[in-house]
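Hello,

Here is the structure I promised to pass on to you. Have a look at it first, and then read on for what turned up in it.

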Amino acid sequence: MTNSSELACDGCGQTAPAEHIARRLRRLEWTTSHRPVHINTLLLGAFSPLRDEDFLYARGEEYGGEFHGEAAQVLDAVGISTAGKTREAVHAEFQRAGFFLTHILECPLERDHENSCEGTALLKNRLNAVAIRMRRSLKPKRVMAITEELTLIVEDILAIDLGCPVILDHGKPFRLENGARGDSALWRLRESLAISTPNG
């Protein structure tokens with residue numbers, strides 16, 4: 001039974017406690033301040049990372065200059081070095097390059113939704129709202145799917161009107177790191193970015 005203190009989150013569709021909603025609003029505030037005026041490449045992930053310190057747009061005064069987890073992987077993938085730079089300087093460089101990172105679920109998965117079937121269902125349920133946001137507000141020139149969790153809904157993403165092309169890695173989402181088999185997933189991601197961002 002749902003706890004009466006829980007609310008439906010407009011960023012992910014999950015029923016969650018007030019703390020979840022507060023974290024969602026904090027991350028939304030962080031993200032909005034770093035959104036480019038014109039988005040060249042929208043990097044699309046499945047779920048927002050669990051830890052705030054792994055969230056790309058987390059503020060420097062709260063998490064220092066170092067980037068961890070997904071944030072570090074995204075910056076490495078797009079070729080932005082963090083060495084000797086403040087967090088704000090890195091954010092500004094990412095923004096100037098026309099990159100914007102967002103997730104279909106703008107929040108982490110709650111524990112009771114962590115199995116793959118429930119996670120996939122949540123992603124599918126959010127796709128229409130994400131598509132509307134892309135067409136009406138974000139208006140990117142292209143979308144690049146970047147997390148493996150999107151694999152099961154690739155066809156759904158391609159079937160919906162995002163208002164721009166979707167870039168994939170041989171029909172699958174790009175990975176932010178090379179696989180254990182030594183393939184060149186990260187190289188292919190960087191090559192696609194170079195092709196799709198000629199002024200970058």
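To get your bearings, in which helix does Ala22 lie? Ala22 is part of helix 1. Its relative accessible area is 40%, so Ala22 counts as partly exposed. Between Ala22 and Cys9 there are 9.9 Å in space, C-alpha to C-alpha, and the two are 13 residues apart in sequence.

Please keep in mind that this is a predicted model. The protein has seven helices and six strands, and from the N terminus on they follow the order β-β-α-β-α-α-α-β-α-β-α-β-α. The protein has 200 residues, and 47% of them count as buried.

Asn40 sits in the loop that runs between helix 1 (18-32) and strand 3 (41-47). With a relative accessible area of 15%, Asn40 falls under the 20% limit and is therefore buried. Its side chain makes a polar contact, at 2.5 Å, with the side chain of Arg142.

Next, the aromatic rings. The count of aromatic pairs comes to five. One of the pairs is formed by Tyr57 and Phe94: the ring centres are 6.3 Å apart and the planes stand at 70°, which is over 60, so this pair is edge-to-face. The pair links distant parts of the chain, since Tyr57 belongs to the loop between strand 3 and helix 2 (60-63) and Phe94 to helix 4 (residues 87-96), 37 residues apart. Both Tyr57 and Phe94 are buried. Ring pairs also join Tyr57 and Phe94 with Trp30, Phe55, Phe99 and Phe100 in a cluster.

Two arginines are placed over rings. Arg27 lies over the face of Phe55, 4.8 Å from the ring centre, and Arg87 lies over the face of Phe67, at 4.1 Å from the ring centre.

Arg87 takes us back to helix 4. Which residues of helix 4 are buried? They are Arg87, Val90, His91 and Phe94. These four span an arc of only 100° around the axis, so they lie on the same side of helix 4. After helix 4 comes Gly98, with a positive phi near 85°.

Three cavities of 30 Å³ or more were found in a search of the whole structure, and the largest cavity has a volume of about 120 Å³. Among the residues that line the largest cavity are Arg24, Arg27, Leu28, Phe55, Tyr57, His103 and Arg133. Helix 1 and strand 4 (99-105) are the elements that give two or more residues to this lining, and helix 1 gives the most, with four residues.

The largest pocket holds about 270 Å³ of space. Its lining is made up of 16 residues, and Phe47, Glu70, Gln73, Thr147 and Glu149 are those nearest the pocket centre. At least two residues of the lining come from strand 3, and at least two from helix 3 (69-77). Helix 3 supplies the largest share, three residues.

Enjoy exploring it, and do write back with any questions.

Best wishes

Definitions and conventions. Residues numbered from 1 in each chain as written. Predicted model: local features only at pLDDT ≥ 70, side-chain atom pairs only at ≥ 80, totals over all residues. Heavy atoms only, no water. Buried < 20%, exposed > 50% of the residue type's maximum accessible area, 1.4 Å probe, protein only. Polar contact = N/O pair within 3.5 Å; in protein donor to acceptor, adjacent residues only side chain to side chain. Phe/Tyr/Trp six-rings, centres within 6.5 Å; stacked < 30°, edge-to-face > 60°. Lys NZ or Arg CZ within 6 Å of the ring centre and 35° of its normal. Arc of directions from axis to C-beta. 1 Å grid on protein atoms, 1.4 Å probe; cavity = no way out; pocket = protein on both sides within 12 Å on 5 of 7 lines; lining within 4 Å. Points joined across faces, edges and corners; volume = space filled by probe spheres on them.
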